[in-house]
Amino acid sequence: MPVGITWWGHATCTIEDSNTRVLTDPLFARRLAHLRRRRGAIPPDEARRADVVLVSHLHADHLHLPSLGALDPGTRLLVPRGAPQVVPGVRRLRHLRITEVVPGDGIRVGELLVRVVPARHDGRRLPVGPHRSPALGFVIEGEARTYFAGDTGLFDTMAEWVGPVEVALLPVGGWGPCLGEGHLDAGRAARALGLLAPRAAVPVHYGTYWPIGLDAVRPHEFHSPGDEFVRLAAGLAPDVAVHKLGHGESARLEVAR
C-alpha cells in the first residue's frame, strides 16, 4: 500500500498509512499575529479530519489553539509533556483526547505505531514561556516509516533516534528573513538526508507565512528554500527521491517497508 502525503502549508501535513490519517502541526489561519498567509488557500475541511494529530512543540505556529479547536470531537492529540500546564488553552480542548508525550514514547493508533523522538529546537511557548516542554519529532510506523521532524536543527544522535525510515518530511525554511539556532535550512536539511538515508523526502515549513510589511526583505528566504533543497539534495543524497509539493498537493509514495 502506498503512503499518501499531503502538504497543506507550513508544517501542516496529512500522512495516510494503513488506513489511518495523521495530521501534523495544524495551522489553518489566514493570519497569525504578525504573520499572514501569502501562498496557498486555507486548508479545506478535509484537512481537519484525522485519527491522530501530532504537535511538535509549543510555538504558536505549531500549537495553534483555534486550529486545534476546529478538529473533530474525539480526535487523538499528542502534545509535548507539560503543554496543558504551560499553555492553559490546551486544557480547554475538552473535545479532544489529549496525551502528553516525551522522546522514547511509543503510541499505538490503529495499525500504526507513533514513536516520539527528540528535536533540537527551543520548545517554549514564546516569547516568555518557561523551558518545561521538549520540542519533538515523530516517526510514524505502518506500511512505511515516515519521519516528521517538526522544527529542528541537526543533532549528533538524529539518525540513531530516528532509525531507518522510508520517508522524511523535513523543514527547509521558516517564516522570516533569517533562521536562528535550532532550524534546518535547505542546506542542513539536505545534509540530514545524508544521515537518515530515506527513500523519499518532502520539504515543508517554508513559503507559506511571512511577516506583514516585510515583503521586500530578503524575499528569497520565502520563495526559494524548496527549490534549493531539491538542488542540494541531488548532490548530497542522490538516491533520495525528493517530492516538492505545492500547497494542497498530494503524493502517493510506493515506499513500503
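# Briefing: salt bridges, an aromatic pair, strands and a helix

R145 and E166 form a salt bridge, with their closest N and O atoms 2.7 Å apart. R145 lies in strand β12 and E166 in the loop between α3 and β13, so the pair ties together parts that are 21 residues apart in sequence. A salt bridge here is a side-chain nitrogen of Lys or Arg within 4 Å of a carboxyl oxygen of Asp or Glu. The model is predicted: local features need pLDDT of at least 70, side-chain atom pairs count only at pLDDT 80 or more, and totals for chains, interfaces and linings use all residues. Residues are numbered from 1 along each chain as its sequence is written, and side-chain values use heavy atoms, with hydrogens and water left out.

**Salt bridges**

- The structure holds seven salt bridges.
- R145 is buried, with a relative accessible area of 18%, and E166 is buried at 4%. Buried means under 20% relative accessible area, exposed over 50%, and partly exposed in between (1.4 Å probe, protein chains only).
- R115 and E141 meet through their side chains in another salt bridge, at 2.7 Å from N to O. The pair links distant parts of the chain, with R115 in strand β10 (residues 112-118) and E141 in strand β11 (residues 136-141), 26 residues apart. Strands (E, at least two residues) and helices (H or I, at least four) are DSSP runs, numbered from the N terminus.
- E141 is buried, with a relative accessible area of 16%.
- E16 forms a salt bridge with R252, and the closest N and O atoms are 3.8 Å apart.
- E16 counts as partly exposed, at 26% relative accessibility.

**R21 and its surroundings**

- R21 is found in strand β3 (residues 20-24). At 8% relative accessibility, R21 counts as buried.
- The side chain of R21 reaches the backbone oxygen of R49 at 2.9 Å. This is a polar contact: a pair of N or O atoms within 3.5 Å, where within protein one must be able to donate a hydrogen and the other to accept it, and residues adjacent in sequence count only if both atoms are side-chain atoms.
- Leaving aside its neighbours within four places in sequence, R21 is in contact (heavy atoms within 4.5 Å) with residues including E16, E46, R49 and D51.

**The aromatic pair**

- The structure holds one aromatic pair. W7 and Y206 form this pair, which is stacked, at 5.3 Å centre to centre and 10 degrees between the planes.
- Rings of Phe, Tyr and Trp (its six-membered ring) pair if their centres lie within 6.5 Å; planes under 30 degrees apart count as stacked, over 60 as edge-to-face and the rest as tilted.
- W7 lies in strand β1 (residues 3-9) and Y206 in the loop between β14 and β15, so the pair ties together parts that are 199 residues apart in sequence.
- W7 is buried, with a relative accessible area of 1%, and Y206 counts as buried at 5%.

**Strands**

- Six of the seven residues of β10 are buried, so β10 is largely enclosed by the rest of the structure.
- Strand β9 (residues 106-109) pairs with β10 in the antiparallel sense over four bridges. Two strands pair if DSSP finds at least two bridges between them.
- The hairpin of β9 and β10 has two residues between the strands, and G110 takes a positive phi near 60 degrees there.
- β10 is also joined to β11 by six bridges, and these strands run antiparallel. The bridge partner of V114 in β11 is I140.
- An open sheet of three strands has the order β4-β5-β15, with antiparallel pairing. β4 (31-32) and β15 (209-211) stand at the edges, each with a single partner strand, so one side of each is left without a neighbour in the sheet.

**Helix α4**

- The buried residues of helix α4 (residues 186-196) are A186, A189, A190, A192, L193 and L196. Seen down the axis of α4, they fall within an arc of 150 degrees, so they line one face of the helix. The arc is that of the directions from the helix axis to the C-beta atoms.
- What covers these residues includes β12 (145-148), α3 (158-162) and β13 (167-171).
- At the start of α4, a side-chain oxygen of D185 reaches to within 3.2 Å of the backbone nitrogen of G187.
- Just after α4, A197 takes a positive phi of about 50 degrees.
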